[in-house]
Number of protein chains: 2
Amino acid sequence: MLTIFGSIALDTIRTPASILYEVLGGAATFSSISASFFSETGIIAVVGRDFPDSYHNTLKKYINTDGLIKKKGKTFRYDGEYDITFSKRKTLKTELNVLRDFNPKIPDEYKKSEFIYLANNDPDQNIQVLRNFDNVKLSMCDTIEYWISTKKLSVIKMMKNSNIVAINDEEARLLTKEYNLVKCAKKIIEFGTDYVIIKKGEHGAILFHEDIIYPLAAFPIENIKDPTGAGDCLGGGMMGYLSNTKNINMKTIKKGLLCGSILGSFVVEDYGISKLLSLQKNQIIDRVKKYENMTQEL
Amino acid sequence: MLTIFGSIALDTIRTPASILYEVLGGAATFSSISASFFSETGIIAVVGRDFPDSYHNTLKKYINTDGLIKKKGKTFRYDGEYDITFSKRKTLKTELNVLRDFNPKIPDEYKKSEFIYLANNDPDQNIQVLRNFDNVKLSMCDTIEYWISTKKLSVIKMMKNSNIVAINDEEARLLTKEYNLVKCAKKIIEFGTDYVIIKKGEHGAILFHEDIIYPLAAFPIENIKDPTGAGDCLGGGMMGYLSNTKNINMKTIKKGLLCGSILGSFVVEDYGISKLLSLQKNQIIDRVKKYENMTQEL
């Protein structure tokens, strides 16, 4: 089983083509639905009393929500605007609401999880959550600019305690004070993690492990409607794939990254999580195969 | 034999680490030396009386310079400055000098060339040069912002007359007025070319042909000293590889693009053309193999 600890949000997404108000979003949402195509997935997250039942029911269709707490107060809200290129997002508003001072409880049936994905929360909370699991085979963490700027030492400690660090290029640069991504990854590996994945949005990702580098070009998408959550789908899809894989080695790690990246390529084709909700497992498998064929050189 | 028509420049390159004054550069220089590792290559280009003999001798060591004309006047000069990221270049000065009103003459022994690379010149001149070759098996053209802004219709006509269009992402966007690169490539293919290569610098390149898309991640480089000429090395290396290949098909085109991209990955490791001058063919082959191994998934 895979356990994901992350945020659930009511997202307001502004693109040049349209505005969506308070749609179901957040790193835990995107990543856990992506993971659910490959394995049993449970989330640990918090929402407020205003969280719509319909959103709760959507999540329940895909994942175990026993670790989803409804608390007094308002759900975490995010409001962001994309420019015409879809590659730059401006944050208009972030309301932490119930995310502030959340004291996560891990349901007993989650505790057997061998796979843990710490999506984007407070690094101290992440370290604490991770301590509740005794049979961890593989853990992955991600982080955001906010934590790097406010709790850098905790971010580094969290990375040291995780097998895989997945991080955006810009955040890797902010964290390591290096510009070159190979240098960024080397510094992060020195923190004590085994694998580093630098996410580059539409340009794909680069995986680093010991002296191995695996650059993965993104599956090219012609009609991008909303890039929100693509990186979370990559992390969730990858961890979902690996949770259902017998051996963790370079071969399966690479394949997992590809599967996650393909989940990311789907989600950007429609607003919010819409594409994930209409997606069938065989479409994912088909696109993975298509990618393998198109990048096959010989 | 491969014939390359392009510019030879005296480049002043400013990076955060150092400034190089009037070093040997230009699209014809980078691309023809790259091509020379794979096949016999001749250039058609013009320099001024101030062009140093030592530079001429350097070129002669790699390529046929019978089509290199020395004219009264000054050699084309370019002066540009990179920011700390090495991904943005500001043009400080461009002096066309002898490039202006150059009337290219094609040496007789070039006329049997089956492979033609039109690197970055005036599109009308490019179309005219191409007409001199009767046995063209494969032609490639590139262009720069200046020609798109001043002679867009000629650029389109040139592309219609070329089998392969290689173009930077930003220039593809400027030309097609699309942002999405898949859309850009589709529009360029509609101009009448067979293959489109969108070059994305450190992020690699994407090749388009009919309904086939081949996204190629770049070989990751840890120490970038000077990105100048990387795109020209890609085009030249690719055309050099293909000139020495029996069959032109999707398989060899992909392999050619990879070889060109690897040439580009070498040139950025040192200033100007320095890296090319110390490069051995077996190093290129080794890095191509290394890339194939690192990106091999299974």
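**Entry 1: a methionine**

I checked A:Met250 in this predicted model and found A:Met250 buried, because its relative accessible area is 18%, under the 20% cut-off. I placed A:Met250 in helix α9 of chain A, which covers residues 250-267. I then asked which residues A:Met250 is in contact with, leaving aside its neighbours within four places in sequence. The list reads A:Tyr195, A:Leu207, A:His209 and A:Ile212. For A:Tyr195 I also noted the spacing: A:Met250 and A:Tyr195 are 55 residues apart in sequence, and their C-alpha atoms are 9.9 Å apart in space.

**Entry 2: a helix pair**

I took helix α1 (residues 27-36) and helix α8 (residues 230-243), both of chain A, and found that their axes come within 7 Å and cross at roughly 35 degrees. I recorded the crossing of α1(A) and α8(A) as right-handed. From α1(A), the contact uses A:Ala27, A:Phe30, A:Ser31, A:Ser34 and A:Ala35. From α8(A), I listed A:Asp232, A:Cys233, A:Gly236, A:Gly237 and A:Gly240. Sorted by class, the residues of this contact are four nonpolar, five polar and one charged.

**Entry 3: the two chains**

I superposed chain A on chain B with a rotation of 180 degrees and 0.0 Å of shift along the axis, at an RMSD of 0.0 Å. The two copies are therefore related as by a two-fold rotation axis. I looked up which residue of chain A comes closest to the rotation axis: A:Ala217, with its C-alpha at 2.4 Å. I also noted that both copies use the same surface, as 100% of the contact residues of chain A recur in chain B.

How values were computed
Residues numbered from 1 in each chain as written. Chains lettered and ligands numbered in written order. Predicted model: local features only at pLDDT ≥ 70, side-chain atom pairs only at ≥ 80, totals over all residues. Heavy atoms only, no water. Axes fitted to C-alpha atoms, helices over the stretch in contact; angles between N-to-C directions. Helix = DSSP H or I, 4+ residues; strand = E, 2+ residues; numbered from the N terminus. Left-handed = near helix turned anticlockwise from the far one by under 90°. Contact = heavy atoms within 4.5 Å. Nonpolar A, V, L, I, M, F, W, Y, C, P; charged D, E, K, R; others polar. Buried < 20%, exposed > 50% of the residue type's maximum accessible area, 1.4 Å probe, protein only. Least-squares fit on C-alpha atoms with pLDDT ≥ 70 in both.
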